[in-house]
Amino acid sequence: MKQGFDDIIAKVKECGMKTVSVSVAQDSAVLEAVKEAKARGIAQAILVGDEAKIKEVAASINMDLEGFEIIHEPDDVQASLTAVKLAHDGKADMYMKGLIDTKNFLKSVLDKEVGLRTGGPLSHVCVFEIPGIEQLLFLTDVAFMTYPTLEDKVNIIKNTLPVCKACGVPNPKVAPLAAVEVVNPKMPVTVEAAELTRMCEEGQITGCIVDGPLSLDLAIDPEAALHKGATDRKIQGDADVLLFPDIHAGNLVYKAIVHMTDMKNGCILTGTKVPVILTSRSDTFETKVNSIALAAVVAEEMKKAQA
């Protein structure tokens with residue numbers, strides 16, 4: 001049965017409303033998203049920023065702030081540190097970017113005193129519900145790691161697994177993508193993909209099935225896999241995770257899907273103490289709400305893992 005964001009939101013309702021702390025919350029698009037997230041029973045929000053500006057923006061979108069906690073901090077950098085500390089201290093289940101530039105937002109995430117470091121690298125996961133594809137697709141990394149090394153790719157896979165599990169995919173099929181599906185020493189990406197496959201087979205990567213290198217068509221199209229005679233592969237058009245060789249490939253595919261298909265998506269930053277919602281200003285209202293829902297189910301999964 002096809003899984004989608006309706007199922008993710010239903011999972012949130014099973015585990016109860018979460019709390020998101022918002023850094024520099026005086027942003028109309030973000031306030032609209034947290035307003036909707038509360039209305040749908042996904043998350044409460046703690047709004048950190050300039051209180052007068054938050055109230056002004058909320059009034060402009062007819063948002064009733066009754067029931068929302070507001071912490072007044074007019075300085076953007078201090079607001080981000082205050083907001084991230086709420087997540088660091090367990091008072092919020094997830095952390096969201098508001099009207100602050102990405103560089104300063106990430107500085108708060110990585111702050112040694114109050115940030116959300118776990119000791120490993122961070123990576124980005126985008127979850128897509130796409131018409132014509134039965135399974136949810138987890139794209140990584142399309143926005144954060146630029147040129148991941150082999151070790152980085154191992155960490156990207158590890159960061160993605162809790163997201164898959166939270167979305168109901170406990171043993172995901174991971175496809176390290178390349179232009180071709182055979183190893184070619186002149187194409188280092190294919191060599192690394194084969195190495196990731198070997199590492200999984202030998203138990204160095206657990207909790208998933210890795211099969212690479214794979215071309216994109218073999219990863220997501222069962223008919224293409226059949227026509228190409230790839231019936232001996234572990235993945236035959238049914239990949240759950242698309243692992244990209246670099247940020248260019250990932251970002252191009254991400255934007256092609258967003259702008260050329262009638263899709264639904266949500267994105268989070270992983271490898272952190274709690275899920276981090278780092279949406280773009282160009283992301284739709286629905287994508288922002290979906291990202292909050294995605295972060296909520298991942299937060300619940302992380303809580304279970306730590307229990």
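Setting aside neighbours within four places in sequence, Lys 165 is in contact with Pro 170 and Glu 301. Contact here means heavy atoms within 4.5 Å. This is a predicted model: local features need pLDDT of at least 70, side-chain atom pairs count only at pLDDT 80 or more, and totals for chains, interfaces and linings use all residues. Residues are numbered from 1 along each chain as its sequence is written, and side-chain values use heavy atoms, with hydrogens and water left out.

Lys 165 sits in helix α6. Helices (H or I, at least four residues) and strands (E, at least two) are DSSP runs, numbered from the N terminus. Lys 165 is partly exposed, with a relative accessible area of 47%. Buried means under 20% relative accessible area, exposed means over 50%, and partly exposed lies in between (1.4 Å probe, protein chains only). From Lys 165 to Asp 75 is 90 residues in sequence and 38 Å in space, C-alpha to C-alpha.

**Helix pairs**

Axes are lines fitted to C-alpha atoms, for helices over the stretch in contact, and angles run from 0 to 180 degrees between N-to-C directions.

| Pair | Crossing angle | Axis separation |
|---|---|---|
| α1 and α11 | about 50° | 9 Å |
| α4 and α5 | about 40° | 9 Å |
| α6 and α7 | roughly 50° | within 10 Å |

Start with α1 (residues 5–15) and α11 (residues 285–306), which pack at about 50°. That angle makes α1 oblique to α11. Angles under 35 degrees count as roughly parallel, over 145 as roughly antiparallel, 65 to 115 as roughly perpendicular and the rest as oblique. The crossing of α1 with α11 is left-handed. A crossing is left-handed if the near helix is turned anticlockwise from the far one by less than a right angle, and right-handed if clockwise. On the α1 side, the contact uses Phe 5, Ile 8, Ile 9, Lys 11, Val 12 and Cys 15; on the α11 side, Asn 290, Ala 293, Leu 294, Ala 296, Val 297 and Glu 300. By class, this contact of α1 with α11 has 9 nonpolar, 1 polar and 2 charged residues. Ala, Val, Leu, Ile, Met, Phe, Trp, Tyr, Cys and Pro count as nonpolar, Asp, Glu, Lys and Arg as charged, and the others, Gly among them, as polar.

Next come α4 (residues 76–88) and α5 (residues 102–109). They are oblique to each other, and their crossing is right-handed. Val 77, Ser 80, Leu 81 and Val 84 of α4 meet Asn 104, Ser 108 and Val 109 of α5. The contact of α4 with α5 has 4 nonpolar, 3 polar and no charged residues.

The axes of α6 and α7 cross at roughly 50°. That makes α6 oblique to α7. The crossing of α6 and α7 is right-handed. Leu 150, Lys 153, Val 154 and Ile 157 from α6 meet Glu 192, Glu 195, Leu 196 and Met 199 from α7. The contact of α6 with α7 divides into 5 nonpolar, no polar and 3 charged residues.

Thr 197 is also placed in α7 (residues 188–201). At 8% relative accessibility, Thr 197 counts as buried. Beyond four places in sequence, Thr 197 is in contact with Val 210, Asp 211, Gly 212 and Lys 234.

**Nonpolar cores**

A nonpolar core is a set of buried Ala, Val, Leu, Ile, Met, Phe, Trp, Tyr and Cys residues joined through side-chain atoms within 4.5 Å. The largest has 59 residues; Leu 31, Val 34, Ile 42, Leu 47, Phe 138, Ile 157 and Ile 292 touch the most other members. Helix α11 gives the most to this core, with 9 residues. Another core, of 22 residues, lies apart from it and includes Leu 137, Leu 139, Leu 177 and Leu 218.

Not counting residues up to four places away in sequence, Ile 42 touches Ile 9, Val 12, Met 17, Lys 18, Ala 37, Val 289, Ile 292, Ala 293 and Ala 296.

Most residues other than glycine have a negative phi, and most peptide bonds are trans. Thr 140 and Asp 141 are joined by a cis peptide bond, with omega about -5°. Asp 141 is in the loop between β6 (137–140) and α6 (150–166). Pro 213 lies in the loop between β8 (209–210) and α8 (216–220).

Val 24 has a positive phi, near 55°. Val 24 is in the loop between β1 (18–23) and α2 (28–39), and at 1% relative accessibility it counts as buried. Asn 62 has a positive phi of about 55°. Asn 62 lies in the loop between α3 (51–60) and β3 (69–72), and is exposed, with a relative accessible area of 67%.
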